[in-house]
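Subject: Model handover

Hello,

Here is the model for you to look over. My notes follow below it.

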Amino acid sequence: MKREARLILDDGTVFSGWSFGAELDTVGEVVFNTAMTGYPESLTDPSYAGQILVMTYPLVGNYGVPETPSPLPLKGESGHLPEFTESNRIHVKALVVADYSEQYSHWNAKESLAEWLKREKIPAITGIDTRRLTKRLRESGVMRGRIVINEELRVKNEEFATSRDEHEDYGSVNWVEKVSCKEVIRYNKGAGKRVVLVDCGVKANIIRCLLRRGVEVIRVPWDYDFNLLDFDGLFLANGPGDPERCSKTVEHIRTFLRNEELRMKSEELAVATPRPLMGICLGNQLLARAAGAKTYKLKYGHRSHNQPVMMVNGAGLMVHESSTVNHEPLPQNHKCFITSQNHGYAVDDSTLPADWEPLFVNMNDGSNEGIRHKTYPWFSAQFHPEACSGPTDTEWMFDVFVGFLNAAPLSSPEGDTTPLLSANKGKVAPSGAEWGAVSPSSVLLLGSGALKIGQAGEFDYSGAQALKALKEEGIRSILINPNIATVQTSKDVADKVYFQPVTPEFVERVIEKERPDGIMLSFGGQTALNCGVELYKKGILEKYGVKVLGTPVQAIIDTEDRDLFVKRLDEIDVKTIKSEACSTIEEVRRAAGKLGYPVILRAAYALGGLGSGFCENDAELEAQAEEAFSFSSQVLVEKSLKGWKEIEYEVVRDQYDNCITVCNMENFDPLGIHTGESIVVAPSQTLSNSEYHKLRAIAIKIIRHIGIVGECNVQYALDPNSEDYRVIEVNARLSRSSALASKATGYPLAFVAAKLGLGYGLFELKNSVTKTTSAFFEPALDYVVCKLPRWDLSKFHGVNHELGSSMKSVGEVMAIGRTFEEAMQKGLRMIGQGMHGFVDNKAQHVTDIPAALQHATDTRIFVIAKAMLMGYSVKQIHGWTMIDRWFLEKLRHIIHINERLQENTHLGEMASFMEPLELMEYVEEPAFAALLHEAKVYGFSDFQIARAIGLENCMNTEQATLTVRQWRKELGIVPKVKQIDTLAAEYPAQTNYLYLTYL
């Protein structure tokens, strides 16, 4: 049975929901985190001690909880670390979410989030409007909050009363003392270089990062005088609370700095090596205070996975010439990073002494993100290079630190140091730099062409956005597009339009006449891309001096030619599906015999998966090979991974090698169904933090190696039972998924890609939604998006309704909600099949349920509904479809709500002789009123509710629907208007991109 719970802020604002953790009251500082993954890591981060954590992403608990350690203190000479969490217990005071997933699904999960919270006696609330709460904290600043579950016992609750007094002011408590280890702990003893780590609340992954680099770690309590120890380097860890409370630690650090400076200036040590120092988060603040600078409290802090930081111009991490740091060259100017952060205090870098300087700056609010000494190897980051949870883009800082440990002595007190150079590996010549300081005066854009399956309105959108970017720059645009029924061919979108086919012959004639300076190939889909490659190979672009803007043609060829693609990814040890490129049917036969059935055939340079398909035997292979060769001269034979998850990332890179992933998406259907045929969910719902960021890092590695400038799409197959993966393909252009990602996140991918093609860096562009923050960021969603395909197969007789790797859909709809069920039901109402949602639809005439589920068709989602209504279990349906159990459990939740609504048919019976408002005394009963609100939260339309409770039996459909609407309004159950603002309400947004929801 649900138990009501409330969060009461110090300003009197009340948020009501339901308890799903330990049924205890508590008090803490309320803070929010906009990360979309990583709740096990966040909950065990000691930096959250004393705080009530609000997760802005609404769906939490999806992938359960991995094995967690016993909540006992670590001791002894051979310290051990938890494998999947950041400490040996939960540190938050309480957890607040919008929609807790009771059912979880993940190969590594051992228990549910609720079970874990209850075991560790941590209260938690679900059903909260976390966006409203986030905006309140953003506007007023972080404040104390009370979790009240047993309100009638609150006054009598001695533990609660005590905690209220103790935590009257979060900043007055020394939280570091509470979370630091109590004695010295050694890891990897005798390994070599010894690093003293000052434990102010250290995350386990910091220690893991150091141990992976072969050093011995000596972990000491926060107030331990480490200067008495023999060590080679000093590391200042993260931790909670106000750095002013750590005066003992600051004094020990100051002693270390002073002693090192004296030692380096000693005449007896003319040649000496300074001991390096690195700090993270609170360590950055403590180092700054030890150096003589000041710190201050931020209004609401930085707690997310998408904080953009830039290395300060002129600053660079300095290494000795003989350093053996094992990583790619590191960045200096124009170099930006996406970082994981969790802090409420910052360094006032204007108060730094003359021999110290800022190292990084936050690109959103300008706050300090790191400092360094101008002479000695002492540096720190306000963000978390070790991440976990979050992106690992700055883990190289550990390499720099260990490199200093192994460095040769300096030849003078000031040091003969050399700054690390920019990360150039995989970098192509900057496209914008080809013009020097002058932009191109005219640019030719290859348009979307005729609408067809696999290439439709999404490329009209991409091209129109690119033309908008050119117009903003004052560059004359020339468009080739034979389709008059598009936005991009409308008046004043392009300066000159040619309604000609997008083929090399016609494009050459336009080039000859217009003589453009540059050409954009990536905005018109596969047709434009293929045409651009042909123009390049025939020497037409070189003949007329036309420069390709954005991604170079060779990079396009590397991704489109299947054989070259596999070889290029092999160079960087990225896994691809075992395959062979073939040019004849006989080669296809040999490849299939070598790989073994089942296999999939893919045609190179093909549109919408044309010519592709799965083959179980020789007969199917022959037929599919003939079809594939009718579309392309090269066919790839791949080992089938049917049943694996299909995941996509939209990745952006500028000419300075700055990279971001704008959106990741997960297919509802497993691998084997073309993305255009599948329901797609953004962001991914069943990936853990480790999986999410592993695939993200690989996507960035690929885009850098190939040399993309602009935007590309990376598609993966992910093993549902491990972290094993394969890269399926890379689209070196704006794709169908790119248009979806733009609409889903509010990030204008095509517009930004066009600007990058003109030579801009991401750091030079603004977020078009907030108007103030940087375009170098990764959107944080506080909603979920479902894309559902639309088919017109019923219009044709004899057509095969079975779905596969080749597209048949003619369009798609996108739905937005605060719960998966809401977004799914909204989408199903829009696909044009006459359905009202997942339930309460016209009957599906299916005789063999298992067969209908094993073979995907355009109506399989409704067959799943029928199967559940007939009593088939989630386990059975998963076995037939290989759809992840989490998605199926969510669909089963819709069925469950519908069944509960059907228990109220007495309302329908009474409606036959009573007016709607006369029934309000029955409707207002708490149980039914709560059920009515719950149904709206999970996407039920008024019509679905009316049908479920039997109102259609006594009145027409319109009257029944209006009756439910009238009841809702009387109960105050009305939709809320929410913004799609790209940053989960962390910053104010200027946008009218809105959606309606009930949560």
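**Helix 25 and its cap**

Asp884 caps the N-terminal end of helix 25, with a side-chain oxygen 2.8 Å from the backbone nitrogen of Trp886. Helices (H or I, at least four residues) and strands (E, at least two) are DSSP runs, numbered from the N terminus. This is a predicted model: local features need pLDDT of at least 70, side-chain atom pairs count only at pLDDT 80 or more, and totals for chains, interfaces and linings use all residues. Residues are numbered from 1 along each chain as its sequence is written, and side-chain values use heavy atoms, with hydrogens and water left out.

Helix 25 covers residues 885-902. At 1.5 Å a residue its 18 residues should span 26 Å, and the end C-alpha atoms are 25 Å apart, which agrees. The expected span is 1.5 Å times one less than the number of residues. The buried residues are Trp886, Phe887, Leu888, Lys890, Leu891, Ile894, Ile895, Ile897, Asn898 and Leu901. Buried means under 20% relative accessible area, exposed over 50%, and partly exposed in between (1.4 Å probe, protein chains only). An α-helix has 3.6 residues a turn, so residues three or four places apart point the same way.

The axes of helix 14 (residues 553-560) and helix 15 (residues 562-570) come within 5 Å and cross at roughly 100 degrees. Axes are lines fitted to C-alpha atoms, for helices over the stretch in contact, and angles run from 0 to 180 degrees between N-to-C directions. Ile557, Asp558, Thr559 and Glu560 in helix 14 meet Arg562, Leu564, Phe565 and Arg568 in helix 15. Contact means heavy atoms within 4.5 Å. By class, the contact of helix 14 with helix 15 has three nonpolar, one polar and four charged residues. Ala, Val, Leu, Ile, Met, Phe, Trp, Tyr, Cys and Pro count as nonpolar, Asp, Glu, Lys and Arg as charged, and the others, Gly among them, as polar.

Helix 20 (residues 749-757) has nine of its nine residues buried, so it is largely enclosed by the rest of the structure. Lys755 is one of those buried residues. Gly759 follows helix 20 and has a positive phi, near 105 degrees.

**Single residues**

Phe32 sits in strand 3 (residues 26-33). At 2% relative accessibility, Phe32 counts as buried. Its C-alpha lies 5.8 Å from that of Leu53, 21 residues apart in sequence. Beyond four places in sequence, the contacts of Phe32 include Val54, Tyr300 and Glu986.

Ser180 lies in the loop between helix 5 (175-179) and strand 10 (185-187). Ser180 is buried, at 4% relative accessible area. A polar atom of the Ser180 side chain is 2.6 Å from the backbone oxygen of Asp199.

Thr661 belongs to strand 32 (residues 659-667). Thr661 is buried too, at 3%. The side chains of Thr661 and Arg696 make a polar contact of 3.4 Å. A polar contact is a pair of N or O atoms within 3.5 Å; within protein, one must be able to donate a hydrogen and the other to accept it, and residues adjacent in sequence count only if both atoms are side-chain atoms.

Asn259, in helix 7 (residues 247-265), is partly exposed at 37% relative accessibility.

Best wishes
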